[in-house]
Amino acid sequence: MSDPALLGLSGALRRASANRKLIREAARLFGTARFAEAELDLPLYHGDVEEADGIPDPVQHLAEQIAQADAVVISTPEYNKGPSGALKNALDWVSRTSGKPWADKPVAVMSAAAGRAGGERAQMVLRGFLVPFQPRLLPGPELHLADCRNQFDDDGRLISPQYTKTLQTLMDKLRAEIGR
């Protein structure tokens, strides 16, 4: 049996963002897997563009990555009390592709933000955005990484034993969802 495929989606586009670090740390704690980070730097959804040109290749690639993954980890920043526009745009685009890549897919959601609530509101809104896709959304434990700029060492590892324990529990539950 091959290693499971784990896909990470960071709602932050910056390469060195705390949310990218968090999905990488999640992948490390998940254990042996074929891990890939999805690219969410997509064109803004526009119905006229879709009608004229169809689904852009990067969007189709993202939908295929989701469909082929055994499990997905999503981490969102909190921008003005909600998830990032880049993440919402990616969800909107993927919803326009054929098939149902999210259907029954095990998904773990987390958030990292500079504020003391750690993106709790953004994560709550994101969970609502995912409902129409009918994934197997893990209810928890919820991970809201507060003061995110100060939560990683130079190697990108979480420094807080509490956050590490919560993330490990979440990843153990995600692995259990796929049965390997």
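Let me start with Arg 24, which, leaving out residues up to four places away in sequence, touches Arg 15, Phe 35 and Glu 37. This is a predicted model, so please hear everything that follows as a description of a prediction. Arg 24 has its place in helix H1, and because its relative accessibility is 35%, it counts as partly exposed.

Staying with H1, I would like to turn to its partner. As a general point, two packed helices are described by the angle between their axes and the distance between the axes. Helix H1, which covers residues 18-30, packs with helix H6, residues 161-178, at an angle of about 60°, and their axes are 9 Å apart. H1 and H6 are therefore oblique to each other, and H1 passes H6 in a right-handed crossing. On the H1 side, the residues that meet H6 are Leu 22, Glu 25, Ala 26, Leu 29 and Phe 30, while H6 brings Thr 164, Leu 167, Gln 168, Met 171, Leu 174, Arg 175 and Ile 178. Sorted by class, this contact of H1 with H6 holds eight nonpolar, two polar and two charged residues.

The next pair is H3 and H4. Helix H3, residues 57-68, packs with H4 at an angle of about 85°, with the axes 9 Å apart, and that makes H3 roughly perpendicular to H4. The contact is made by Val 59, Leu 62, Ala 63 and Ile 66 from H3, together with Ala 90, Trp 93 and Val 94 from H4. By class, the residues of this contact divide into seven nonpolar, no polar and no charged.

Is Glu 50 buried or exposed? Its relative accessibility is 14%, and because the cut-off for buried is under 20%, Glu 50 counts as buried. Apart from neighbours within four places in sequence, Glu 50 is in contact with Tyr 45, Ile 55, Trp 93 and Arg 96.

H4 has a further partner in H5, and here the axes come within 11 Å and cross at roughly 5°, which makes H4 roughly parallel to H5. Leu 87, Lys 88 and Leu 91 of H4 meet Leu 126, Phe 129 and Leu 130 of H5, and by class this contact of H4 with H5 has five nonpolar, no polar and one charged residues.

Looking at H5 itself, residues 120-130, we find that Ala 122, Gln 123, Leu 126, Arg 127 and Leu 130 are buried. Seen down the axis of H5, these buried residues fall within an arc of 140°, so they line one face of the helix. Among the elements that cover them are helix H4 and the strands S3, S4, S5 and S6.

I will finish with some backbone details in the loops. Most residues other than glycine have a negative phi, and most peptide bonds are trans. In the loop between S3 and H4, Asn 80 has a positive phi of about 55°, and Asn 80 is exposed, with a relative accessible area of 80%. Lys 81, also in the loop between S3 and H4, has a positive phi of about 75° and is partly exposed, at 49%. Finally, Pro 141 lies in the loop between S5 and S6, and a cis peptide bond, with omega about 10°, joins Gly 140 and Pro 141.

How values were computed: Residues are numbered from 1 along each chain as its sequence is written. This is a predicted model: local features need pLDDT of at least 70, side-chain atom pairs count only at pLDDT 80 or more; totals for chains, interfaces and linings use all residues. Side-chain values use heavy atoms; hydrogens and water are left out. Buried means under 20% relative accessible area, exposed over 50%, partly exposed in between (1.4 Å probe, protein chains only). Helices (H or I, at least four residues) and strands (E, at least two) are DSSP runs, numbered from the N terminus. The arc is that of the directions from the helix axis to the C-beta atoms. Contact means heavy atoms within 4.5 Å. Axes are lines fitted to C-alpha atoms, for helices over the stretch in contact, and angles run from 0 to 180 degrees between N-to-C directions. Angles under 35 degrees count as roughly parallel, over 145 as roughly antiparallel, 65 to 115 as roughly perpendicular and the rest as oblique. A crossing is left-handed if the near helix is turned anticlockwise from the far one by less than a right angle, and right-handed if clockwise. Ala, Val, Leu, Ile, Met, Phe, Trp, Tyr, Cys and Pro count as nonpolar, Asp, Glu, Lys and Arg as charged, and the others, Gly among them, as polar.
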